[in-house]
Every structure is written in C-alpha cells, then in structure tokens.
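Look at the strands first, then at the aromatic rings. The text below goes through them in that order.

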Amino acid sequence: MYKAGRITTVLALFIMSAALVAKGQPLSLLQNKGGDVFVPIGKYIEQGNAYRLSAWFPDNLEVSILGNTNDCCSKNQAKEIMQAFFDANKPYKFEIVHKTDESLMKHAIGRLYCTNNNYSVTISVLIGENGNHIQILRIDSY
C-alpha cells in the first residue's frame, strides 16, 4: 500500500512538471536545486534561446558581450542583449570546459561554437533558497 501511494505521488509530480513545461512556465519554477545548473543553462545557450535562458536571470545582472559591459541591466535588457547576440551569431554547440563550486556561487567557463566565430563564455550563478540565478554572463572571443 505504501509503495503504491509513493508511486502515485511521484507520477503526479511528474505530470504536474510536464504540464508546467507545456504551458511555458518559467524554468525557475522547475529548477532542481541538487542538479547541475549548467546543464539547462548550457542547453539554452547552445540553442540560442534567449527567452528560456532569461528564466535564469534575476531582476538585475551583469552582462558583457565582446567587451561591452552592462554592470546592472534588467532581466528584459539582458534578454534583448542575448537575443541580439544569438541573432548575429547562430550557435550550434556549447560545452563546459571548467567548473568551480563555492557555497553560494557556481562558476563555469564554456566554449560556444557559432557559424561565424567561436566564443568563450563565463557564467556565475548565485545559489539561493528561492532558486538559482545567473549573476554574471560574459561572452568573449577566443
């Protein structure tokens, strides 16, 4: 009896999660605090999906694209900046080459391969009780 109840609960949570994804709910509602935050972030960067990537943005963050730094841009500004970058540079592959883990921050350096150039990407994610958020996103030529 206990086993069947647990299976039903797990199945119900899976169905609710799938429904949230299907309705386009923000990724922040579905973040797995114990998982690797760079897996979904990397997927959205590789896809060039600024909309889904912006679900990881807090209200204000630092975005630096090819030396043009905005120390405190809004979530919407950051989404627009990333969309403009992806429009100009069609990504086809992204890979994490280095990660570090601190108690409140996770950092990663990755390589972004685009049709016309390749880039180095640095990501710093704040780990918090209310979800995980990208605090710094830098894209540079390499």
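Strands β4 and β5 make a hairpin, with 3 residues between them. In this predicted model, β4 covers residues 105-114 and β5 covers residues 118-128. The two strands run antiparallel and are joined by 9 bridges. One of the residues to look for is L112, whose bridge partner in β5 is Y119.

Strand β5 also pairs with β6, which covers residues 131-141. These strands run antiparallel too, and 10 bridges join them. The hairpin from β5 to β6 passes through 2 residues. Here S120 has D140 in β6 as its bridge partner.

Strand β6 contains N132. Is N132 buried or exposed? A residue counts as buried when its relative accessible area is under 20%; N132 has 1%, so it is buried. N132 and V37 are 95 residues apart along the chain, yet their C-alpha atoms are separated by 7.7 Å.

Now turn to the rings. The structure has 3 aromatic pairs. In one of them, Y92 and Y113 are tilted, with 6.4 Å from centre to centre and 40 degrees between the planes. This pair links distant parts of the chain, as Y92 lies in strand β3 (residues 91-101) and Y113 in strand β4, 21 residues apart. Y92 has a relative accessible area of 52% and is therefore exposed, whereas Y113, at 15%, is buried. Ring pairs also link F85, F86 and Y119 into a cluster. Y119 is the residue of β5 already named as the bridge partner of L112.

Notes: Residues are numbered from 1 along each chain as its sequence is written. This is a predicted model: local features need pLDDT of at least 70, side-chain atom pairs count only at pLDDT 80 or more; totals for chains, interfaces and linings use all residues. Side-chain values use heavy atoms; hydrogens and water are left out. Two strands pair if DSSP finds at least two bridges between them. Helices (H or I, at least four residues) and strands (E, at least two) are DSSP runs, numbered from the N terminus. Buried means under 20% relative accessible area, exposed over 50%, partly exposed in between (1.4 Å probe, protein chains only). Rings of Phe, Tyr and Trp (its six-membered ring) pair if their centres lie within 6.5 Å; planes under 30 degrees apart count as stacked, over 60 as edge-to-face and the rest as tilted.
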